[in-house]
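Please have the sequence and coordinates open while reading.

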Amino acid sequence: MIVTIEQLKEKYNNYSNVLAKINREVKKGALITIVRGVYETNPYVDGVKLAQFIYGPSYISFDYALSYYGLIPETAYNYTCATYNKRKTKIYTNHFGTYIYCDVPKRVFSLGIEIKNDGDYSYQIATPEKALCDKLYITKPVKNMNELKMLLFQNLRIDEFEFNKLNKKELIELSLLYNSTNLNFLAKYIIRGKENENGIKSNVSKI
């Protein structure tokens with residue numbers, strides 16, 4: 001269970017030195033510091049459930065979410081999270097792991113997020129479509145469509161089978177909101193793929 005220092009002060013209000021009591025509980029392992037002023041009572045809880053309490057507002061995205069959905073073959077050992085208006089990457093390490101927070105545009109921050117509930121815990125994670133868009137947003141821009149395909153399927157090692165299962169309409173709609181070279185190319189790539197499937201043409205030059 002997550003507890004704040006304010007809750008602990010209330011719990012231990014009969015102690016003459018509340019902070020000393022809290023420190024003793026930390027030393028005993030009854031409380032594990034997540035970040036200053038926030039503690040966890042279960043040393044074995046999955047660290048993903050704690051990410052938004054460390055730094056926020058935030059939600060799980062990027063490599064961790066891509067791995068969670070099977071879009072990349074690697075296991076993500078760091079908890080990667082999206083924020084906005086923070087202007088620089090933040091990294092926190094504690095008992096539960098390393099947490100990395102990177103900005104995405106404010107206008108897309110609240111889109112494409114799911115809430116996961118697990119017992120007393122609740123956390124937010126990007127949909128697979130949103131996680132891919134977020135990852136492309138923070139990745140060095142490509143110069144053309146061929147480079148985008150190389151980025152997706154070779155550099156990032158996105159699984160093509162899983163990629164083809166994504167909601168393409170959602171991907172296009174999200175991509176165009178980032179004002180990002182990589183994501184503009186992604187929208188074009190998807191639209192051209194639909195053209196090839198349907199034998200029709202649409203005007204993608206404006207994207």
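## Backbone exceptions

Where is the place of Asn 85? Asn 85 sits in the loop between strand S5 (79-83) and strand S6 (90-94); helices (H or I, at least four residues) and strands (E, at least two) are DSSP runs, numbered from the N terminus. Its phi is positive, about 60°, although Asn 85 is not a glycine. With a relative accessible area of 44%, Asn 85 is partly exposed, where buried means under 20% relative accessible area, exposed over 50%, and partly exposed in between (1.4 Å probe, protein chains only).

Asn 179 is not a glycine either and has a positive phi of about 55°. The loop between helix H9 (168-175) and helix H10 (181-198) holds Asn 179, which is exposed at a relative accessible area of 65%. A cis peptide bond runs from Gly 56 to Pro 57, with omega near 5°. Pro 57 belongs to the loop between helix H3 (51-54) and strand S4 (59-60). Most residues other than glycine have a negative phi, and most peptide bonds are trans.

## Model and confidence

The model is predicted: local features need pLDDT of at least 70, side-chain atom pairs count only at pLDDT 80 or more, and totals for chains, interfaces and linings use all residues. Residues are numbered from 1 along each chain as its sequence is written, and side-chain values use heavy atoms, with hydrogens and water left out.

The mean pLDDT of the chain (the predictor's confidence in each residue, from 0 to 100) is 93, and 93% of the residues reach 70 or more. Residues 200-207 have pLDDT below 50; beyond near neighbours in sequence, this stretch has 13 contacts in the model, a contact being heavy atoms within 4.5 Å. Where pLDDT is low, the predicted coordinates should not be read in detail.

## Overall dimensions and surface

The chain has 10 helices and nine strands. Along the principal axes, its C-alpha atoms fill a box of roughly 75 × 30 × 25 Å. Of the 207 residues, 46% count as buried. Among contacts with a separation of 6 or more, 54% come from residues 24 or more positions apart.

Helix H6 (residues 128-137) is mostly covered, with nine of its 10 residues buried. Among the buried residues of H6 are Glu 129, Lys 130, Cys 133, Asp 134 and Lys 135.

Lys 21 is part of helix H2 (residues 18-28). Lys 21 counts as buried because its relative accessibility is 12%. Apart from neighbours within four places in sequence, Lys 21 is in contact with Tyr 12 and Tyr 15.

## Cysteines

How many disulfides does a search of the whole structure find? The search finds zero, with a disulfide taken as a pair of cysteine sulfur atoms within 2.5 Å. For Cys 102, the nearest cysteine sulfur is that of Cys 81, 9.0 Å away. Cys 102 is buried, at a relative accessible area of 13%.

The sulfur of Cys 133 is too far for a bond, because the closest cysteine sulfur, in Cys 102, is 16 Å away. Cys 133 counts as buried, with 0% relative accessibility.
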